[in-house]
Amino acid sequence: MKLRNSVAAVLAVTFASLISLEAQTPAGQPGAPAGRGGGGRGGVAGPLFTALDTNKDGSLTRDEMKAAFDKWFADADSAHSGAVTQEQLVAALNTAMPPAIPAGRGTQAQNQIPKPSDVDAMMAVLPGTAPTKPLRPRKVLVLCTARGFVHSSIPLAAKMVEALGTKTGAWSTAITYNSADINADNLKQYDLIFLDNTTGLFLDDANDAAATAARRKALLDFVRSGKGLAGIHAATDSYHGVPPAPTGSAPTAGRGGGNTTLAAQMVAQAGGTAAKLTRQQFDSLADSWYAKFDTAKAGKVTQAEFIQRFASLVPAAAPGPQVNQPLWPDFNQMIGGYFKFHWVYPQLITVKIDDPKSPLTSMFHGQEYQIHDETYTFAQDSFSRKNVHVLTSIDYAKMSDEDKAKETNKRTDGDYALSYIRREGQGRVFYEAHGHDESVYAIKPILEHMLAGIQYALGDLKADDSPSAK
């Protein structure tokens, strides 16, 4: 079966053929679709490129990079001592690339309106019939809070859930960007919570430990009591990262600690120490990094080139478990794992159907398909088939050696699940790893997969959810 997707439209083809997606132009290159890319592509690489590209022309020159590094050092060296600490560098980077605002300290701006063209493309292939009739009227709450990377596809994913429920009659939908709505009283009216690309410590209030504890308990109790939880893509890029320091300072949530990890890599690669980094070392780092970005010596580096080469230059989660740990183990286990690495969009991935007999994969007719998206992988110790029933996964054997080499902190088992289900107490969980780019929401079998997954998590669609490994 093939899915063909172009920037303009998605062509539905017969289920007798394989699913594939035509390659799309990466953002930052001529012909790239505006507004694509989800906001999290490449981790800190995206915000870093934006901060370095001072004239905002979509390309980076050596002079721009050196000027930005010079400014960051000057901002960090407020005492004009000629040297800065790692902590001072983190503060300068936080000014240049502000991290997500924690709960209780303001509201991070999130677009809540999907592009009309994306909605039109999705609605053109939206399934009209649910796999099964609901046992009773159902109500779904879509939570769109992102405290780390903010994906531009969030409002479209919310619209997807709403449209699927409305068109099929399978459920009604409420959408919120306020994590305070996850409370015991409010949740009584809902049957399922859909985590729409939630990132970071998405439930927490940094100024109110009691509110944080109450929200976390409300979510766990909701699912374990017999309700449902569904998540897409960045729902697993939540509650992992750098654990609290001995002093009790707050953890750095997300992929490898964001600006903290970036500063540590800068210090290490410049030859400095945590206590001292000189201006000369920092200037030399700008030159050496640019040479590695501009491999063709063209004098300019596109955003796509920058992001692709950044992953090997500055590993996002090195040295592994020491900087990428579970920050809420109950949630990490419930959602099935937490983020380790992703291939840069639009990486081509071959998806195999692990359980072709499941009603949640019937739309694929047992046949592999190919897709271009930002594909997540999970930390070695966070994901196991002993914890989930795998529906689809990466056909790792069909990846090229070149693409395999891009991955940092490789899993030793070569096991890369993409969608799965599991029981949590009396409740049910469904997760789908794709959903970064807006184009994914215009692929009919993917929408049918999401529809079936949500109906499973609601308790309406029965499926084998026993762990794939005993």
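For the lining count below I take Ala, Val, Leu, Ile, Met, Phe, Trp, Tyr, Cys and Pro as nonpolar, Asp, Glu, Lys and Arg as charged, and the others, Gly among them, as polar. The model I am reading is predicted.

**Entry 1: cavities**

Rolling a probe the size of a water molecule over the atoms shows where empty space is left. I found two cavities of 30 Å³ or more in the structure. I went on to the second largest cavity, which holds about 30 Å³ of space.

Which residues line the second largest cavity? I listed Met160, Ile232, Glu432, His434, Gly435, Val440, Tyr441, Ile446 and Leu447. I sorted this lining into six nonpolar residues, two polar and one charged. Glu432 is on the list, and I put it down as charged because Glu belongs to that class.

**Entry 2: salt bridges, the count**

Side chains of opposite charge can pair when their charged atoms come close. I noted 21 salt bridges for the structure.

**Entry 3: Lys188 and Asp185**

I found a salt bridge between Lys188 and Asp185, with 3.5 Å between the closest N and O atoms.

**Entry 4: Arg224 and Asp330**

Arg224 forms a salt bridge with Asp330, and I read 3.8 Å between the closest N and O atoms. Arg224 is in helix 7 (residues 209-224) and Asp330 in helix 11 (residues 329-335), so this pair ties together parts that lie 106 residues apart in sequence. I checked the accessibility of each partner. Arg224 is partly exposed, with a relative accessible area of 33%, and Asp330 is also partly exposed, at 38% relative accessibility.

**Entry 5: Glu407 and Lys340**

I read 2.7 Å between the closest N and O atoms of the salt bridge that Glu407 forms with Lys340. Where in the chain do Glu407 and Lys340 sit? Glu407 is in the loop between helix 12 (401-405) and strand 19 (417-424), and Lys340 is in strand 14 (residues 339-342). The pair links distant parts of the chain, 67 residues apart. I noted both Glu407 and Lys340 as buried, which means under 20% relative accessible area.

I last followed shared partners.

Note on methods
Residues are numbered from 1 along each chain as its sequence is written. This is a predicted model: local features need pLDDT of at least 70, side-chain atom pairs count only at pLDDT 80 or more; totals for chains, interfaces and linings use all residues. Side-chain values use heavy atoms; hydrogens and water are left out. On a 1 Å grid over the protein atoms alone, a cavity is a set of points where a 1.4 Å probe fits but cannot get out, and a pocket is an open set with protein on both sides within 12 Å along at least five of seven lines; lining residues have an atom within 4 Å of a point. Grid points are joined across faces, edges and corners, and a volume is the space filled by probe spheres set on the points. A salt bridge is a side-chain nitrogen of Lys or Arg within 4 Å of a carboxyl oxygen of Asp or Glu. Helices (H or I, at least four residues) and strands (E, at least two) are DSSP runs, numbered from the N terminus. Buried means under 20% relative accessible area, exposed over 50%, partly exposed in between (1.4 Å probe, protein chains only).
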